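Open the model in your viewer and keep the sequence panel beside it.

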Amino acid sequence: MDDDYVEAVLDLVATIPSGRVMTYGTVADVVNEQAVRAGGSPRGGPRQVGQVMSRAGSGVPWWRVVNAQGAPPARHRVRAMEQLVAEGTPRTADGSRVALRRAIWFPDD
């Protein structure tokens, strides 16, 4: 992974508002779209976003990035859910995941 990709992912994650989330795949799609608009080419997918978050994501609101089912990273599930609950992020009826239809966030173009 190049530094530009890492920076683009972290910059995007830093803009996710409190109480909202993005999925790893959505982060990858937005970063790739931004790269293409800037004359570059797509650089990664959800797994690469996960790698960036696990290696360099501690300085951004990492708990606001969830998987496609609305679950936070398994290794940090308790901490992530505590943060999400504190922010008022919509959750599923059983409280185990984020209610993506209500919580998903897309940046303005």
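Helices (H or I, at least four residues) and strands (E, at least two) are DSSP runs, numbered from the N terminus. The model is predicted, so local features need pLDDT of at least 70 and side-chain atom pairs count only at pLDDT 80 or more, while totals for chains, interfaces and linings use all residues. Residues are numbered from 1 along each chain as its sequence is written, and side-chain values use heavy atoms, with hydrogens and water left out.

**Stop 1**

Select Asp3, which lies in helix 1 (residues 3-14). Asp3 is exposed, at a relative accessible area of 65%; buried means under 20%, exposed over 50%, and partly exposed in between (1.4 Å probe, protein chains only).

**Stop 2: the salt bridges**

How many salt bridges are there? The count is 3, a salt bridge being a side-chain nitrogen of Lys or Arg within 4 Å of a carboxyl oxygen of Asp or Glu.

Begin with Asp2 and Arg43, whose closest N and O atoms are 3.9 Å apart. Asp2 lies in the segment before helix 1 and Arg43 in the loop between helix 2 (24-37) and helix 3 (46-56), so this pair ties together parts that are 41 residues apart in sequence. Asp2 is partly exposed at 38%, and Arg43 is partly exposed at 34%.

Next, select Glu33 and Arg37, which form a salt bridge with an N to O distance of 2.3 Å. Both lie in helix 2, 4 residues apart, about one turn of the helix. Glu33 is partly exposed at 39% relative accessible area, whereas Arg37 counts as exposed at 53%.

Then go to Arg64 and Glu87, with closest N and O atoms 2.6 Å apart in their salt bridge. This pair links distant parts of the chain, 23 residues apart: Arg64 is in the loop between helix 3 and strand 2 (65-66), and Glu87 in the loop between helix 4 (77-86) and helix 5 (100-103). Arg64 is buried at 11%, and Glu87 is buried at 19%.

**Stop 3: the tryptophans**

Select Trp62 and Trp63. The model has 1 aromatic pair, where rings of Phe, Tyr and Trp (its six-membered ring) pair if their centres lie within 6.5 Å; planes under 30 degrees apart count as stacked, over 60 as edge-to-face and the rest as tilted. Trp62 and Trp63 are edge-to-face, at 5.7 Å centre to centre and 85° between the planes. Trp62 is buried at 14%, and Trp63 is buried at 15%.

**Stop 4: two buried valines**

Select Val21, in the loop between helix 1 and strand 1 (22-23). Val21 is buried at 0%, and its C-alpha is 5.0 Å from that of Ile104, 83 residues apart in sequence.

Finish at Val98, in the loop between helix 4 and helix 5. Val98 is buried at 2%, with its C-alpha 8.3 Å from that of Leu84, 14 residues apart along the chain.
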